[in-house]
Amino acid sequence: MLEQALASAAPLLVPAFVWWGSPITWLEIVAVVLSLAMVWCNLRVNVTGWPLAIAASALYALLFASSRLYGEATLQLLFIAVAFWGWWQWLLGRGGDGQPLRVHRLSHAQRVAIGCCTMAAWPLLGWLLDHHTDSDVPYLDALPTVGSVAGQFLLGRKLIENWLVWLAVNLFSVGLFAVKGLWLTTLLYAVFALLSVAGWRAWRARLPEGS
């Protein structure tokens, strides 16, 4: 099935140009543009970011699979599912007070629980990638994958800590994609890191007084 998907996407995987010795495909260019638009919408708490996330994730699933980053490719499929959930949450979700969902914080206990779950999932996913795929960077691939899952769920519930998680994931991913020669995506994730800081500041201004 994966081979068929990659074969169907072959025209988009044709290099548009070469940058630093690595080919930049049309698929990567389109995915980058959609991803930047998505983060800009998220920063402004604009629900349009979710359909953009679905489209960008579908393209990145193909791009990462073609680069043997299977953890990242599988993550994009999970992102698509979570994006539909997040879209619904932002439209119809409710907070603990029964009011429409708004920007808020995790409790201390919730932060500890999410941190422990993420760190426990990392070696497990790394082992699975190491033993069941031909990934050449299984544990490096696994860490931003599990971190991204946490960030996406936090984003879906409008929890401000999602931006701190994304900052860590984006900085780590800059190095990972540079190793793979995905230079345009490397640059994108460097921009994402800066936008994570901007997102944190923008959402902090939306917190209820006293939060």
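Lys-158 is buried, with a relative accessible area of 9%. That comes from a predicted model, so keep this in mind as we go along. Buried here means under 20% relative accessible area. If you look for Lys-158, you'll find it in the loop between helix 6 and helix 7 (162-179). Its backbone deserves a glance too: Lys-158 has a positive phi of about 55 degrees, although it is not a glycine.

Where does Val-45 sit? Its place is the loop between helix 2 and helix 3. Val-45 isn't a glycine either, yet its phi is positive, at about 55 degrees. With a relative accessible area of 19%, Val-45 counts as buried, because the cut-off is under 20%.

Now follow the chain to either side of that loop. Helix 2 covers residues 26-43 and helix 3 covers residues 49-66; their axes come within 8 Å and cross at roughly 150 degrees. Angles over 145 degrees count as roughly antiparallel, and helix 2 and helix 3 are therefore roughly antiparallel to each other. Their crossing is left-handed. Among the residues making the contact are Leu-27, Val-30, Leu-34 and Met-38 of helix 2, along with Leu-52, Ala-56, Leu-59 and Leu-63 of helix 3. What kinds of residue make up this contact? They divide into 16 nonpolar, three polar and one charged.

Strand 1 (residues 15-19) and strand 2 (residues 22-25) run antiparallel and are joined by four bridges. In one of the pairings, Phe-17 has Ile-24 of strand 2 as its bridge partner. The two strands form a hairpin with two residues between them, and Trp-20 in the turn has a positive phi of about 55 degrees.

Finally, head to helix 6 (residues 138-156), where you'll find Gln-152. Is Gln-152 buried or exposed? It counts as buried, at 6% relative accessibility. Leaving aside neighbours within four places in sequence, Gln-152 is in contact with Trp-50, Phe-79, Val-82 and Trp-166. Pick up Val-82 from that list: it belongs to helix 4 (residues 70-92) and is buried, with a relative accessible area of 5%. Not counting residues up to four places away in sequence, Val-82 touches Trp-50, Gln-152 and Phe-153. The C-alpha atoms of Val-82 and Gly-156 are separated by 7.9 Å, although these residues are 74 apart along the chain.

Conventions
Residues are numbered from 1 along each chain as its sequence is written. This is a predicted model: local features need pLDDT of at least 70, side-chain atom pairs count only at pLDDT 80 or more; totals for chains, interfaces and linings use all residues. Side-chain values use heavy atoms; hydrogens and water are left out. Buried means under 20% relative accessible area, exposed over 50%, partly exposed in between (1.4 Å probe, protein chains only). Contact means heavy atoms within 4.5 Å. Axes are lines fitted to C-alpha atoms, for helices over the stretch in contact, and angles run from 0 to 180 degrees between N-to-C directions. Angles under 35 degrees count as roughly parallel, over 145 as roughly antiparallel, 65 to 115 as roughly perpendicular and the rest as oblique. A crossing is left-handed if the near helix is turned anticlockwise from the far one by less than a right angle, and right-handed if clockwise. Ala, Val, Leu, Ile, Met, Phe, Trp, Tyr, Cys and Pro count as nonpolar, Asp, Glu, Lys and Arg as charged, and the others, Gly among them, as polar. Two strands pair if DSSP finds at least two bridges between them.
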